[in-house]
Amino acid sequence: MNEILKAAVYPILVMGGLAAIYALGLGVAARVFYVYVDPRIPQVEELLGGANCGGCGYAGCSDCAAAIVEGKAPVNACVAVGPDKWEAIAKILGKSVEVGERHVAHIMCRGDRQKAKRRFQYMGINDCRAAVLVAGGDKECVYGCLGLGTCVRNCPFGALSMGENGIPIVDRDKCTGCGTCTRVCPRGVPKLLPESQKVATVCNSHDGPPVVKKLCEVGCLGCGICKKVCPEKAVTIENNLSVVDPSKCTLCGKCMEKCPTGAIQQILPA
Amino acid sequence: MHEAWTFSDYLLLIVGAILVNNILLVRFLGNCPFLGVSKKMDTALGMAVAVIFVISCTGPITWFVQHHLLEKFDIVYLRTLAFILTIAVFVQLVEMVIKKVNPTLYRGMGIYLPLITTNCAVLGTCFLNIDLKYNLLQTLIFSFASATGWSLALIIMAGIRERFSFARIPKNFQDTSIGLITAGLIGLSFYAFQGLAR
């Protein structure tokens, strides 16, 4: 009888007892160390993109959701999800949202393999950020797109693809304006422009006219002809690069006609 | 029982656990998180801190369970079950406490804690403490040193693996394959410490 007791009852009692004590301890601890989590935070998080792109400036979507619920970030902090989701978030929080204009990324360089000169043949790691470390990149122009596709690989929404000529192409429908490409590009070639902007100077070079002329067929010289011909005074020259103010531009087309290199362009299909 | 241990004995115990009998590279325990979280230095450091903490605590706790519970009732054969239960409960408890007491630390370390429950290095160290007949102090020191050895190996691995992204690795060897090969080579190099201490 004693043997059976030892073999069968002790193990059950001891292990059961041990488990019971642990369970009790955990149960008490769960009460004592209970942390209140605002139920709206997971709701908001679900509405956010989930790409953890960092476009909002927070460490990830869950951080951003917490900031929105706590009121530290605006309801439309996540540019990636767009107005529909903003309204849903505003509804959860009982706030209203002002919908601003959507921004879309644009690659501000047309200096592809044929049109922009190269100083040497780069054979290193296939990443623009690595390429700029090698003597400042293989392109003569120090502002131009290196064409190794760092932005394409880092786009969380698959909106970028590499064109045949080595300049990335933006899929305007897929682009959410999160700005990841502008951050990963070592030269800041992709820029966020308002969705409705029709004309832009598709060049990133701040070099003066003689330098640009030597290095690239299609770069903006900063000559200022576009500024002179624009009847709406929508064009300014900033640091040797012409900039179009989309709020004044009427798509008259005079600047595009006169531009010696064709850098100023219609970027929207009419 | 043992004679009284001198200071150099303890020192040898520590060196032995960290380098000579490295729990990961020589005893081959805790390999899955070793390959799983060694891709980035940040996550490897988080995991390393969490593992050191958990092993250092569960070592002495399971020592008590063994000597004051299982041996008393003569059911040492249920050791695996009792230890796993203890480790799992402890990890849960630590997670709750950290979440409440220090949210910043929880965000850094919290996600690794559930992973540790199934880390065999933890259970392995607890068993070794018993099998090597350590007393409580030795158990504490050995647990800490073992975990440090595991973390050292993890951090070395993470440092190497971060550089893989810049290396031209043949397609068939990419990712886990080259990870395993590297782990083997690091393990081989750790065998050079054999004979340094027990």
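The rule finds eight salt bridges over all chains of this predicted model. In general, side chains of opposite charge can pair when their charged atoms come close.

**Stop 1: A:Arg40 and A:Asp38**

Select A:Arg40 and A:Asp38. Their side chains form a salt bridge, with N and O 3.0 Å apart. A:Arg40 is partly exposed, at 30% relative accessibility.

**Stop 2: A:Arg118 and A:Asp138**

Next, select A:Arg118 and A:Asp138. Here the side chains meet in a salt bridge of 2.8 Å, N to O. A:Arg118 sits in the loop between strand E1 (103-107) and helix H5 (128-131) of chain A. A:Asp138 sits in the loop between H5 and helix H6 (150-154) of chain A. The pair links distant parts of the chain, 20 residues apart. A:Asp138 is buried, at 8% relative accessibility. A:Arg118 is partly exposed, with a relative accessible area of 31%.

**Stop 3: B:Asp175 and B:Lys39**

Move to chain B. Select B:Asp175 and B:Lys39. The closest N and O atoms of this salt bridge are 3.8 Å apart. How far apart in sequence are the parts that the pair ties together? B:Asp175 is in the loop between helix H8 (136-162) and helix H9 (176-190) of chain B, and B:Lys39 is in the loop between helix H2 (31-36) and H3 of chain B, so the bridge ties together parts that are 136 residues apart. B:Asp175 is partly exposed, at 44% relative accessibility. B:Lys39 is partly exposed too, at 42%.

**Stop 4: where chain B touches chain A**

Show both chains and select the residues in contact. On chain B there are 21, and they are in contact with 19 residues of chain A. The area buried between the two chains is about 1,800 Å². Carbon and sulfur atoms give 80% of that area.

Now select B:Phe73, B:Met96 and B:Lys100. These three supply 26% of the area that chain B buries against chain A, more than any other three residues.

Then highlight helix H3 (41-70) and helix H4 (79-101) of chain B. These are the elements that give two or more residues to the side of chain B that touches chain A. H4(B) gives the largest share, 12 residues. Colour that side of chain B by class: 15 residues are nonpolar, two are polar and four are charged.

How many salt bridges cross the interface of chain B and chain A? The rule finds zero. Polar contact does occur across this interface, in three residue pairs.

**Stop 5: cysteines of chain A**

Finish with the sulfur atoms. A search of the whole structure finds zero disulfides over all chains. Select A:Cys141 and A:Cys203. A:Cys141 is in no disulfide, and the nearest cysteine sulfur, that of A:Cys203, is 6.3 Å away. A disulfide would need the two sulfur atoms within 2.5 Å. A:Cys141 is buried, at 11% relative accessibility.

A:Cys220 is in no disulfide either. The nearest cysteine sulfur is again that of A:Cys203, 5.5 Å away. Is A:Cys220 buried or exposed? With a relative accessible area of 6%, A:Cys220 is buried.

Technical notes: Residues numbered from 1 in each chain as written. Chains lettered and ligands numbered in written order. Predicted model: local features only at pLDDT ≥ 70, side-chain atom pairs only at ≥ 80, totals over all residues. Heavy atoms only, no water. Contact = heavy atoms within 4.5 Å. Buried area = accessible area lost by both parts, 1.4 Å probe. Salt bridge = Lys/Arg side-chain N within 4 Å of Asp/Glu carboxyl O. Polar contact = N/O pair within 3.5 Å; in protein donor to acceptor, adjacent residues only side chain to side chain. Helix = DSSP H or I, 4+ residues; strand = E, 2+ residues; numbered from the N terminus. Nonpolar A, V, L, I, M, F, W, Y, C, P; charged D, E, K, R; others polar. Buried < 20%, exposed > 50% of the residue type's maximum accessible area, 1.4 Å probe, protein only.
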